[in-house]
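Grab a pencil and let's work through a few exercises together. Each one has a task and then a solution in steps.

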Amino acid sequence: MSQPIRNAVTLVVDGREVVAPEGTMLVDAAKMGDIEIPVFCYEPKLGPPVGACRMCLVEIEGIPKLQTACSTPVRDGMVVYTQTDQVKEAQNAVVEFLLVNHPLDCPVCDKGGECPLQDIAMGWGPGKSRFTDPKRHYQKPLELSPLIAIDRERCILCYRCVRFSQEISEDEQLVLHERGDRSFVGTFDDRPYIAPFHGNVIELCPVGALTSYSYRFRARPWDIEQAGSICTLCPSQCNVAFTVRDERVMRVLARDNKAVDDGWLCDKGRFGYQMLSGSERITEPMVRAGDGSLSPVSWEEAIRMAADGLRKAGPRAAALAGGGTSNEEGFLAQGLMRDALGSGNLDSSPNAPDPQLLSELARPELAAKVSDLDYAGGILVLGADPLHEMPILDLRIRKAVRRNGTRLLVATERPSALDGGAATDAVRYAPGEAIAFIESLAGALGAEGYEASGRYAKDAAAIADALRAIPDSVIVWGERLWRRPGAVKALHDIARALQMHQRIGTGLLEVPEESNARGLREAGFLPETGPGYRTAAAGKGAVQIRDGLASGDLSALLLLGSDPVRNYPGGETWRRALASTFVVAFALTEDESAKHANIVFPAESHAEKEGVVTHPDGRLQRLRRNVPLPSGVRPTWWALAEIAEALGTNVDYGTPEDVFAALCAEVPFYGDTAYEEIGGRGLRWQERDPGSSWVPQPTGGGDGTGVPAYAPPEGEGLVLGTYKDIWAAEATRRNPSLRFLMPTQRLELSAKDAKTLDLANGDPVTVSADGSRLEARVSVRERMRPGAAFLIEGTETDNANLIATGEPRRITVERRPEPETNGSASGGGGNGRARVVATPMPAEGAR
């Protein structure tokens with residue numbers, strides 16, 4: 001379905017003529033005329049209004065009784081009154097009723113000064129109370145979760161938090177207990193509310209009933225400043241507002257942008273700010289001594305030493321960039337490597353994207369944007385798990401299915417949180433066999449050069465029939481499909497077969513593994529690909545860089561916020577390679593790769609950086625400095641420019657805006673974009689008139705030549721796949737509030753394989769492959785494909801990347817003795833309950 005076109009209607013509110021789109025709720029239409037109608041329960045993000053609080057009662061001509069403005073759609077010629085005696089009497093009564101049991105503790109309430117109840121009581125309340133009896137009391141505050149405190153005495157039963165849990169995140173954990181005046185919000189059996197998005201209820205609460213432990217009693221509204229930027233902790237790139245006090249980030253709030261995040265945040269983005277001022281942060285340049293310790297040096301000395309080491313390596317140098325790297329930094333770094341060192345060995349992904357296909361898939365006619373999901377007739381999630389990889393996209397897909405009846409199709413290696421909402425049975429292919437399924441799907445859709453055959457022919461035919469019946473469909477696909485370029489070529493041909501290039505509101509939307517993966521590609525931070533997807537000199541990708549460092553063919557490595565030891569397949573090989581290499585690292589903390597760096601420069605956080613990043617759908621977004629840089633920290637773009645100058649390259653940039661202007665000059669489709677044009681909401685370059693600026697590659701897409709056909713791994717045993725867990729991240733490890741969520745390693749198996757191996761849920765096992773081994777606990781999953789097993793990448797111990805290679809491989813699973821430690825049954829040491837809830841299983845099983 002396409003986005004509906006709504007006609008404008010004219011109505012009169014308090015004598016003022018207002019023009020609003022047809023179907024707009026009266027409370028929103030009144031705002032368009034600068035007229036405020038008070039509300040408590042109404043929040044457009046939560047979906048259809050419920051009219052629970054009755055605060056928005058208004059008088060409408062022709063209707064004898066007062067009506068709720070939040071649930072009354074406007075119509076042409078409507079005449080509305082919000083200031084009559086009848087309306088005021090009703091509003092006074094509602095406020096007085098709410099304050100019957102609400103404690104008058106505003107001076108010590110964390111919401112005081114920014115509380116809607118305070119504002120409404122002053123503006124629309126009677127100003128006094130006739131109630132003299134004792135108020136209702138509850139034990140308070142209670143721990144709703146390790147991150148949120150609940151004060152039930154303050155709750156006004158607006159249902160916002162319950163509706164979020166039931167209808168938005170669909171974790172279905174929050175409910176209303178009891179009835180009448182004894183009603184209260186809680187969870188079943190008082191279990192802790194643990195879910196990836198549960199922090200949003202703090203912001204939704206219109207009173208001080210739900211507060212954050214990490215912000216509670218830290219500041220008052222008159223002590224703080226609010227400033228906006230972008231969260232770069234995952235590819236969602238949510239728009240955020242930082243609460244700043246005494247030049248420190250104290251809180252992170254959502255900054256509504258319907259085109260990006262719908263006004264929601266995941267808990268990693270909301271609570272992942274404590275590391276910005278943590279004691280583990282690197283705040284000055286450091287040089288590693290012979291005994292492995294780091295010693296501070298001046299910026300001038302560190303830049304000279306870095307330039308000397310890189311100059312010595314010359315074309316044998318390489319560079320890797322992480323997702324927090326801005327477009328400007330990526331542009332400067334690729335220029336440093338190519339122009340100053342003569343090296344094309346640079347990458348921002350371990351998945352080896354094909355340059356020609358990248359150019360073709362970036363074409364505006366094939367690219368879907370996030371908001372297209374809202375009105376798509378169907379969504380195919382292919383080789384991706386949005387909950388773990390791009391969390392806000394998970395909420396967006398659920399919203400489309402719930403509100404608009406969008407037909408959801410899922411085809412993945414591993415069970416995902418969206419399986420239960422799929423219109424047909426979710427397709428489960430074996431690890432590494434995405435190419436077989438996608439090529440079969442292309443054949444079923446009639447794409448030239450493909451046949452609907454093989455073991456997935458029946459599943460592919462069912463998906464193809466569904467896609468044919470849904471003209472306005474969006475395909476959401478995971479970056480890991482690039483590990484088999486033939487799979488992405490087939491996906492491109494599927495889009496052409498469905499004629500997505502000839503329709504509006506359809507297309508392909510990639511879910512990258514790193515936050516600014518698309519921006520770094522557009523800036524030219526890839527081998528063989530320069531700025532603007534232009535062809536560049538040949539170079540090595542991530543896997544070849546790893547092997548080159550290990551063999552000695554490469555002798556220096558520049559790391560820009562990248563941690564390949566932890567995040568890339570073959571982590572142990574990376575560790576050994578870095579140990580014998582000259583490494584220059586820009587890092588926020590001493591991560592697993594920075595531990596091997598000869599020179600470590602302090603990096604900026606996303607709250608301190610100026611620059612531009614690119615959303616996965618192509619939207620350019622501004623990073624803005626919200627807090628000053630810590631003493632001793634300088635901008636990364638400046639340091640890169642200084643290193644380039646020391647290497648003899650003439651770069652004359654005074655600000656990040658100067659660097660972005662130079663980048664735009666190299667990227668035709670950016671054109672003359674300026675910081676001011678990007679603004680606070682971002683700008684999709686695809687929506688500007690491209691004119692002749694879009695210069696595609698000579699061919700219509702890569703053909704996957706030179707890539708061997710996929711063959712299942714030889715031998716006996718389960719086929720191993722790996723995945724990124726939302727909490728297995730450096731942000732979880734470095735933030736005290738989130739540390740309890742860090743998962744311990746688990747081996748996911750089907751019930752059939754667990755029975756064959758005589759294993760039960762929670763059993764300790766040893767997983768080995770080709771001499772490498774790690775320890776895990778068994779997690780028996782529904783909807784798992786028999787013969788497949790999955791481990792988590794990025795865990796603090798027993799990281800799956802220790803034995804993963806990026807390709808499927810056979811593993812051996814052996815039961816090991818139960819360790820004799822407290823809390824062992826939880827799958828890790830420490831607090832048993834915390835270890836159990838550290839996994840995102842409650843959210844995944846919500847449907």
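Helices (H or I, at least four residues) and strands (E, at least two) are DSSP runs, numbered from the N terminus. The expected span of a helix is 1.5 Å times one less than its number of residues. This is a predicted model, where local features need pLDDT of at least 70 and side-chain atom pairs count only at pLDDT 80 or more, while totals for chains, interfaces and linings use all residues. Residues are numbered from 1 along each chain as its sequence is written, and side-chain values use heavy atoms, with hydrogens and water left out.

**Exercise 1.** Work out what helix α2 should span, and find its buried residues.

*Step 1.* Helix α2 covers residues 85-98, which is 14 residues, so at 1.5 Å a residue it should span 20 Å. Its end C-alpha atoms are 20 Å apart, which agrees.

*Step 2.* Look for buried residues (under 20% relative accessible area; exposed is over 50%, partly exposed in between; 1.4 Å probe, protein chains only). In α2 these are Val 87, Ala 90, Gln 91, Val 94, Val 95, Glu 96 and Leu 98.

*Step 3.* Now see what lies over them: the cover includes β3 (57-60), β5 (79-81) and α3 (116-124). Here contact means heavy atoms within 4.5 Å.

**Exercise 2.** Find the strand order of the five-stranded open sheet and its edges.

*Step 1.* Two strands pair if DSSP finds at least two bridges between them. The order is β20-β19-β18-β21-β22, with parallel pairing.

*Step 2.* β20 (427-428) and β22 (507-511) each have a single partner strand, so one side of each has no neighbour in the sheet.

*Step 3.* Zoom in on β18 (378-382) and β19 (407-412), which pair over five bridges. Leu 382 sits opposite Ala 411 in β19.

**Exercise 3.** Follow Leu 382 into the largest nonpolar core.

*Step 1.* A nonpolar core is a set of buried Ala, Val, Leu, Ile, Met, Phe, Trp, Tyr and Cys residues joined through side-chain atoms within 4.5 Å. The largest one has 91 residues, and Leu 382, Phe 437, Ile 438 and Phe 601 touch the most other members.

*Step 2.* Leaving out residues up to four places away in sequence, Phe 437 has contacts including Leu 382, Ala 411 and Val 427.

**Exercise 4.** Is Thr 325 buried or exposed?

*Step 1.* Thr 325 is in the loop between β16 (317-321) and α8 (327-340).

*Step 2.* Its relative accessible area is 3%, so Thr 325 is buried.
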